[in-house]
Amino acid sequence: MEFRTDAHIDEYVLGREDVGTFTASGERLTYARPGDASPTAVPLTEVETIRFERNTTLHHMRFLGACTGLLAVVLTVVPTADVYLNGLPATRPEALLLGFVYVFAIGAWLTAYDYLNVGNHDVIDLYIRTTDETHVVCGAVDDASFVHACEQLIASDIPTTNRNSKLTSEFS
């Protein structure tokens, strides 16, 4: 069993530039973040189980985007209607409050845009359990090299549990 692939270490982060490496060679699994002087090596003899799970927390962002968009509309329309009906704020605290609400409205618009532009990302969470600790490596189902690495781990002699039906379908 030998492979080398890009992987997210500990958690999957969208748009992350500092993706680490996950390798298997000889009698050990190794992962490292970029710039790590010494990668973490796990001898295969210490691995008790490897568990594959499907992480769907990055699915259905459209609902959150719609809710945030609705909040953005309210934060934009209500103060604008107030200014249109009652004129500009008369006191400094009212003007500061109006500006503060508009800052929140801009943040809501940007957040809604981000949520609506994120696609559904199927993520594979790989838990490597040893006697002392659990190591977490993550990758996308769309990443063929990461899926191939998972396939090699499942085919190895290491006890594995695959709770990711999407990953199983990728093998076929």
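Q: Relative accessible area under 20% means buried, over 50% exposed, and in between partly exposed (1.4 Å probe, protein chains only). How does Phe100 count at 48% relative accessibility: buried, partly exposed or exposed?
A: This is a predicted model, where local features need pLDDT of at least 70, side-chain atom pairs 80 or more, and totals for chains, interfaces and linings use all residues. Residues are numbered from 1 along each chain, and side-chain values use heavy atoms, without hydrogens or water. At 48%, Phe100 counts as partly exposed.

Q: How many aromatic pairs does a search of the whole structure find?
A: Phe, Tyr and Trp (six-membered) rings pair with centres within 6.5 Å; planes under 30 degrees apart are stacked, over 60 edge-to-face, the rest tilted. The whole-structure search gives 2.

Q: What is the angle between the planes of Phe3 and Phe22?
A: The two rings form an aromatic pair, 5.3 Å centre to centre. The pair is tilted, with its planes at 55°.

Q: How many residues apart in sequence are the parts that Phe3 and Phe22 tie together?
A: Phe3 is buried at 10% relative accessibility. Phe22 is buried at 1%. Phe3 belongs to strand β1 (a DSSP E run of at least two residues) and Phe22 to strand β2, so the separation is 19 residues.

Q: Which kind of pair do Phe100 and Phe104 form?
A: Both lie in helix α2, residues 92-117 (a DSSP H or I run of at least four). They are 4 residues apart, about one helical turn. Phe104 is partly exposed at 49%. The ring centres are 4.9 Å apart and the planes at 90°, so the pair is edge-to-face.
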